[in-house]
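Biologist: Please take one part of this structure and describe it closely, in plain terms. I would like to know what surrounds it, and then how a few other places look.

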Amino acid sequence: MNLNVLVLPGDGIGNEVTREAVRVLRHVAAKWNHQLKLTEGLLGGVAIHKTGTPLPPETERLAGDADATLMGAVGLPEFDDAPPEKRPEKGLLGIRKALGVYANLRPVKAHASLLDSSPLKNHLVEGADMIIVRELTGGIYYGTPRGISGEGAQERAVNTMTYTRPEIERVTRMAFNLARARRKKVTSVDKSNVLENSQLWRKVVIEVAREFPDVELDHLLVDNCAMQLILNPRRFDVVLTENMFGDILSDEGAVLAGSIGMLPSASIGARKPSGAWVGLFEPVHGSAPDIAGQNKANPLGAIGSVEAMLAYSFGLQEEASAVDAAIEVVMRSGRVTADLRPPGTPATTEEVGEAVCAAIG
Ligand code: IPM
Ligand code: MN
C-alpha cells in the first residue's frame, strides 16, 4: 500500500516525539512492505520564524495532498504576547479547519502497568477505559464575533460559542458509531443549565441517539463530569462533548493514564471514496518548551497517534494492533520516560522509540 504522510513536527518537544513516531512508522512500513512517502512541513512557531505565518499556504497544500498528517506540538513562550494571527496555536486551529477534521478522538486508558504512575489511588483508576470525542472545528474556538476592543474602563473582550445543528449531528454520529464497537454507552457533556448552546447540543444529541437504539445515552453537566472523571472513571465509555469542554476534560483524563505524554489523538473528517478517513494525528500534550531538546519527553502519545493513523486513515488493523502491543510491552518493561516516574534511571525519548520498534520485531 502507498502511505503518503505529511509530518509537521512543530515546536518544542514536537520535534523529538515526532522523530520517534516516524521511526516507528518507517519500521512498520518496512516490515509489512508498504511504500512510505514522507514529506515534512512547517506549522506553528517554527513556521512563523521561517515564513511569518503559523500556517503557510504551502503547508495547507501539502496537507491537502497527503493521505494523512502527523503533527507534533505547537507553541513557544516567546509568542505569548503576540497578536492572535501571529500565534503558533493559530496554525493548528487553521489546519484542523482546513482539513475539516471535526471529530477529535482521544482514548484514555489506565494501563495496568502504569497504575502506580497515576497520583490517584489504584482502585479508583484501575480498569478505566474511555474515549473522549471532542468536537474540533466549531464552538468558542472559532465563533465570531471575537476580539478585544476599547481602552481603559471601556476595554472589553468577546468570544462567541456557536454550533449549528449539522455540526452537532455529525460528531454525535461519530461518537455513537464508536460506541457500537465498544461498551455501547455515550455520555454527552454540556452546560445546558446555563448555555443556550448546550441546550441545542443536548436536544440534537437526543434526536440523533434515536438512530442508535442499541446504544445507551446519558448526559452530564461539565462541572459534574470533571468530578466523576476522578471519582468514578469506569462509568465512562464514550464521552461526547464540544470543543472547549473536550480540551479541558482530556487533560484531566491524562491523570488517569499516568501522564499526558501517553495520550494519542486522531482528528477525523470526511470519509474518502477509498473508505479511509481524512485524518490529522497528534499527541494530546503540548510543546513543553521547558524540557524540549533534552531527549526526555515521552514519545508514546505520538507513537500511539501513528497507531491511530494506521487504523483510521489506512485501514491497516494488523499493523495498528502490532504497534499497540509493542507499546504495551515497553510499558511493562518499566523502561519509560521520567514523566511516568519509573524506578531507576528513566529511559530517553529515543530509547523508547527504539524499544517500540524492537518489540514490533
Ligand atoms: C490541544 C491543545 C490545543 C487546543 C492548543 C495548542 C491550540 O491544547 O490539542 O488540546 O486547545 O486544541
Ligand atoms: Mn489541550
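**A close look at serine 267**

Modeller: Leaving aside residues up to four places away in sequence, serine 267 touches Val101, Ala103, Asn104, Leu136, Val278, Gly279, Leu280 and Glu282. The model is a predicted one. Serine 267 belongs to strand S11, which covers residues 266–271. Its relative accessibility is 0%, and because buried means under 20%, serine 267 counts as buried. Asparagine 104 is among the residues that serine 267 touches, and the side chains of these two residues are joined by a polar contact of 3.0 Å.

Apart from residues up to four places away in sequence, threonine 59 is in contact with Leu6, Leu8, Gly41, Leu42 and Ile95.

Glu89, Arg96, Arg106, Arg134, Tyr141 and Asp247 surround ligand 1. In arginine 96, a side-chain N or O atom is 2.7 Å from an oxygen atom of ligand 1. For arginine 134, a polar side-chain atom lies 2.9 Å from an oxygen atom of the ligand. Aspartate 247 also has a polar side-chain atom 2.9 Å from an oxygen atom of ligand 1. On its own, ligand 1 has 320 Å² of accessible area, and the protein covers 79% of this.

Note on methods. Residues are numbered from 1 along each chain as its sequence is written. Chains are lettered from A and ligands numbered from 1 in the order in which they are written. This is a predicted model: local features need pLDDT of at least 70, side-chain atom pairs count only at pLDDT 80 or more; totals for chains, interfaces and linings use all residues. Side-chain values use heavy atoms; hydrogens and water are left out. Contact means heavy atoms within 4.5 Å. A residue is near a molecule or strand if one of its heavy atoms lies within 4 Å of it. A polar contact is a pair of N or O atoms within 3.5 Å; within protein, one must be able to donate a hydrogen and the other to accept it, and residues adjacent in sequence count only if both atoms are side-chain atoms. Accessible areas come from the Shrake-Rupley method with a 1.4 Å probe; for residues, only the protein chains shown count as cover. Helices (H or I, at least four residues) and strands (E, at least two) are DSSP runs, numbered from the N terminus. Buried means under 20% relative accessible area, exposed over 50%, partly exposed in between (1.4 Å probe, protein chains only).
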